[in-house]
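Hi,

Here is the structure I promised to pass on. Have a look at it first, and then read on for what turned up.

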Amino acid sequence: MRRAVFPGSFDPITKGHLDIIKRASKIFDEVIVAVLINPDKKGLFTIEERVELIKKVIKDIENVRVESFHGLLVNYMKQREAQVIIKGLRAVADFEYELQMALMNKKLDPEVETVFMMTSAKYSYLSSSSIKQVVTFGGCIDELVPDEIIPDIMGKISEK
Ligand code: ADP
């Protein structure tokens, strides 16, 4: 059983994330999307809300599920008996940070491999934070996030 974990903040999930999830689901037997609980960082959506949004988006992909986790990723991987961390790479800027994290995780647990997947060109400019900016200032996010969660995002922004 090859089980992979795709960790991140997913505040909120974007079409860029979903693209990586779908591609990874074809390579691994099971993919767990893992929402990192970071008490120091207050996001737009609560952790529970992010998990719910991801659930809506992955509901038709059989071998993908979502959970939240806190603490060290390598410890969570052990608990879940997962061997592979999946990361998406958009630009050179992602690389430096991701290389450092991959090497640190390797040091903490030599059994764990990090596998990098290149962004699809059409999503290479997408990030959760840019989506939040666009929607805050009234821009259209139709092409950027999965259709089924657009009302949730619009609703959240209007609450603020
Ligand atoms: P962000 O807030 O920058 O979108 P996350 O922490 O939610 O980042 O990202 C989780 C993972 O998804 C990271 O590995 C990140 O590199 C990857 N990712 C985010 N957006 C994209 C995209 N458009 N294409 C490919 N990978 C992406």
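Leaving aside its neighbours within four places in sequence, which residues is Lys106 in contact with? Those residues are Val112 and Glu113. Please keep in mind throughout that this is a predicted model.

Lys106 belongs to helix 4, which runs over residues 92–108. Its side chain reaches the backbone oxygen of Pro110 at 2.9 Å. Lys106 counts as partly exposed because its relative accessible area is 30%, which falls between the 20% and 50% cut-offs. There is also a distance you can check on screen: Lys106 and Val134 are 28 residues apart in sequence, and their C-alpha atoms are 37 Å apart in space.

**What the record says**

UniProt, in an unreviewed entry, places the feature "domain: Cytidyltransferase-like" at residues 5–133. In the model, that span is 43% helix and 22% strand, and its end C-alpha atoms lie 28 Å apart.

The unreviewed UniProt entry also carries a "binding site" annotation that covers Ser9, Lys41, Leu73 and Lys87. From this set, Ser9, Lys41, Leu73 and Lys87 are found in the lining of the largest pocket.

I looked at two of these residues in more detail. Ser9 sits in the loop between strand 1 (3–8) and helix 1 (15–27). With a relative accessibility of 39%, Ser9 is classed as partly exposed. Apart from neighbours within four places in sequence, Ser9 is in contact with Val35 and Arg50.

Lys87 is in strand 4, residues 84–89. Is Lys87 buried or exposed? Lys87 counts as buried, because its relative accessibility is 10% and the cut-off for buried is under 20%. If you set aside residues up to four places away in sequence, Lys87 touches Pro7, Glu98, Met101, Thr114, Val115, Phe116 and Met117. With one of these, Glu98, there is a polar contact between the side chains, at 2.9 Å.

**Around the ligand**

- His17: a polar side-chain atom lies 3.1 Å from an oxygen atom of the ligand.
- Gly88: a backbone N or O atom lies 2.5 Å from an oxygen atom of the ligand.
- Arg90: a polar side-chain atom lies 3.1 Å from an oxygen atom of the ligand.

Taken alone, the ligand exposes 540 Å², and the protein buries 88% of that.

Although Phe10 is not a glycine, it has a positive phi of about 50°. Phe10 is buried, with a relative accessible area of 3%.

Asp11 is in the loop between strand 1 and helix 1 as well. At 5% relative accessibility, Asp11 is buried. The side chain of Asp11 makes a polar contact of 2.8 Å with the side chain of Lys132, and another polar contact, at 3.4 Å, joins the side chains of Asp11 and Arg50. Not counting residues up to four places away in sequence, Asp11 touches Gly43, Leu44, Phe45, Arg50, Ser128 and Lys132.

What is the form of the peptide bond from Asp11 to Pro12? That bond is cis, with omega near 0°. Pro12 is also found in the loop between strand 1 and helix 1.

**One more backbone angle**

Glu81 has a positive phi too, near 55°, and is a residue other than glycine. Glu81 lies in the loop between helix 3 (73–79) and strand 4. Where Phe10 is buried, Glu81 counts as exposed, at 59% relative accessibility.

That is what I have for now. Enjoy looking around!

Best wishes

Technical notes. Residues numbered from 1 in each chain as written. Predicted model: local features only at pLDDT ≥ 70, side-chain atom pairs only at ≥ 80, totals over all residues. Heavy atoms only, no water. UniProt positions renumbered as here; feature names shortened; annotations may be inferred. 1 Å grid on protein atoms, 1.4 Å probe; cavity = no way out; pocket = protein on both sides within 12 Å on 5 of 7 lines; lining within 4 Å. Helix = DSSP H or I, 4+ residues; strand = E, 2+ residues; numbered from the N terminus. Buried < 20%, exposed > 50% of the residue type's maximum accessible area, 1.4 Å probe, protein only. Contact = heavy atoms within 4.5 Å. Polar contact = N/O pair within 3.5 Å; in protein donor to acceptor, adjacent residues only side chain to side chain. Areas by Shrake-Rupley, 256 points an atom, 1.4 Å probe, with all protein chains shown as cover.
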